[in-house]
Amino acid sequence: MKEKIVVDTLDKKQTISRDIYGHFSEHLGRCIYGGFWVGKDSKIDNVNGYNKAVVQAFKDIDIPNLRWPGGCFADEYHWKDGIGPKENRKRMINTNWGGVVEDNSFGTHEFMGLCEELDCKPYICGNVGSGSVREMDEWIEYMTFDGESPMARLRAQNGHEKAWKLDYFGIGNENWGCGGNMRAEFYADNYRRYQTFVRQYGKDKIFKIAGGANSDDYNWTDVVMESAGKMMDGISLHYYTLEGRWEDKKCATAFDKGGWYRIMKNAFRIDEVIRRHSEMMDKHDPEKRVALVVDEWGNWFACEPGTNPGFLYQQNSVCDAVVAAVHLNIFNNHSDRVRVANLAQAVNVLQSPVLTEGDKVVLTPTWYVFHAFKEHQGATLLGTSFASQSARIHDDQSGQDIVLPGLSVSASEKEKSGKTNYLVTIANPDVDKSKTVEITLAGLKGKIASASGTIVNGEKMNSINTFEKCDAVTEKSLSVKVLDADSVEIELPAHSVASVTVIA
């Protein structure tokens, strides 16, 4: 059976925000220290203390924004501890992640410098859980005020005369949990108060993001939007993909075929979760002014054996690649409301695009998916439909069949060098079956001039890249057959992700 995808080139929708392709860096495990930051005196090749190879890896996928300092760490982080001479910075215990000493050698200046090296927007999350309004007020002044003021003078004394441009600021993180165990009503009132002091100095607007819901807590979104929707630019959503129950997590390569399908079922569920949160938002914001910010998403497995359980270090397999593609396609297709998203996390934590070990750096299957999808950034979303045989398995654990959509698809167009480039990204969640896929660009003016493709997959459903063998899963060339003036065909292997570029 041939699978068929139709891309309606006349059904031009909204622009896919570049910021959907953002990343997340928390003071957790080896994400900052030993990940992005090695220090200026390190023997590891670095630029101003940032691991040069790690920086280049993220530049190569056109990282649009980076979220920091958490996560749960954000609501125990006091920014003044991380400025000034390194020898004078306070040492603290990171009570959320591993009980290790945090020496605050990576703070505001180092983060803003990292964003400059990456040429990406900073997304900073402020402390509502254990911080004061004054603390947040002064941090905003320190970062963004360019006149005469106590915090601007302090910033200059610490070596940065000019103010920074701060694009995104989150008012708290997971305030329903590690950020304060608040009720929605209580957080909404706190948000109203704290955001008042996230002032706009000068012409550069700070995009204010309210702390949003955990997964399918639609009441949280409803309550916070009703109370404070007019005072925010975005509201967050956290959604992690698990195989099953939280307490039953296995390491990232230990799933069987039933586990694969359970993981994929939960990955596809993000579509319903976004849709229902969007319905809550539509009640209070029918114009869709407020963005849904999915600033923590990805697979959450048990940590790798022998590693600190508080560091959340996990491997990254073909499964992660397919899960990443499913999410990014869904975000693209909901980009009327989803305008910022951040994969958790960037380096050495959870579903990371990059892993490090000393001076060694490996790109994971997830990195290759971001590379394959990067031309969607800033492109125009196109309407798509497909006819595909569902992927299914009988799940012995539940005694029921798990049925998945046969494909995950999104498409966009972008003008480049006077020609229209169409990008179609496709994931095959079927763990066993390859598929012949015909892609028709309906309404195409003229005809196809050229077509090319890439494929991300591995020999096995849990194939990984290691420091010893870093190329088991990469992005490789995919043959694309032009059938006629508006159609192409590909062979899509099992458990794979494809990108097809058509130029007309």
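**Exercise 1. Find which strand pairs with β2 in this predicted model, and in which sense.**

Step 1: Start at strand β2, residues 22-24, and look across to strand β5, residues 65-68; the two pair in the parallel sense over two bridges.

Step 2: Pick out one position. His-23 stands opposite Leu-66 in β5.

Step 3: See what packs here. Helix α2 (residues 108-118) sits on the sheet and touches β5 and β8 (121-126). The direction of α2 makes about 150° with that of β8.

Step 4: Now zoom out. The run β2-β5-β8-β9-β10-β11-β12-β13 makes a closed barrel of eight strands with parallel pairing. From one strand to the next, the twist averages 30°.

**Exercise 2. Work out which strands helix α8 lies across.**

Step 1: Locate helix α8 at residues 270-284.

Step 2: Follow it over the strands: α8 lies across β10 (207-214), β11 (234-241), β12 (291-299) and β13 (338-343).

Step 3: Check the direction, which is at about 160° to β11.

**Exercise 3. Classify the ring pair of Trp-68 and Tyr-77, then find another partner for Trp-68.**

Step 1: A search of the whole structure turns up 25 aromatic pairs. For Trp-68 and Tyr-77, the ring centres are 5.6 Å apart and the planes meet at 70°, so this pair is edge-to-face.

Step 2: Trp-68 also pairs with Trp-139, again edge-to-face, with 6.3 Å centre to centre and 70° between the planes.

Step 3: Trp-68 belongs to strand β5 and Trp-139 to helix α3, 71 residues apart, so the pair links distant parts of the chain.

Step 4: Are these residues buried or exposed? The cut-off for buried is under 20% relative accessible area. Trp-68 has 0%, so it counts as buried; Trp-139 has 3%, so it is buried as well. Tyr-77 is buried too.

Step 5: Ring pairs join these residues into a cluster whose members include Trp-68, Tyr-77, Trp-139, Tyr-142 and Phe-169.

**Exercise 4. Describe the surroundings of Ile-140.**

Step 1: Ile-140 is found in helix α3, residues 133-144.

Step 2: Its relative accessible area is 0%, so Ile-140 is buried.

Step 3: List contacts, skipping neighbours within four places in sequence: among them are Leu-166, Phe-169, Val-198, Tyr-201 and Ile-206.

Step 4: Take Tyr-201. It is 61 residues from Ile-140 in sequence, and 8.9 Å away in space, C-alpha to C-alpha.

Methods:
Residues numbered from 1 in each chain as written. Predicted model: local features only at pLDDT ≥ 70, side-chain atom pairs only at ≥ 80, totals over all residues. Heavy atoms only, no water. Helix = DSSP H or I, 4+ residues; strand = E, 2+ residues; numbered from the N terminus. Buried < 20%, exposed > 50% of the residue type's maximum accessible area, 1.4 Å probe, protein only. Contact = heavy atoms within 4.5 Å. Pairing = 2+ DSSP bridges. Axes fitted to C-alpha atoms, helices over the stretch in contact; angles between N-to-C directions. Phe/Tyr/Trp six-rings, centres within 6.5 Å; stacked < 30°, edge-to-face > 60°.
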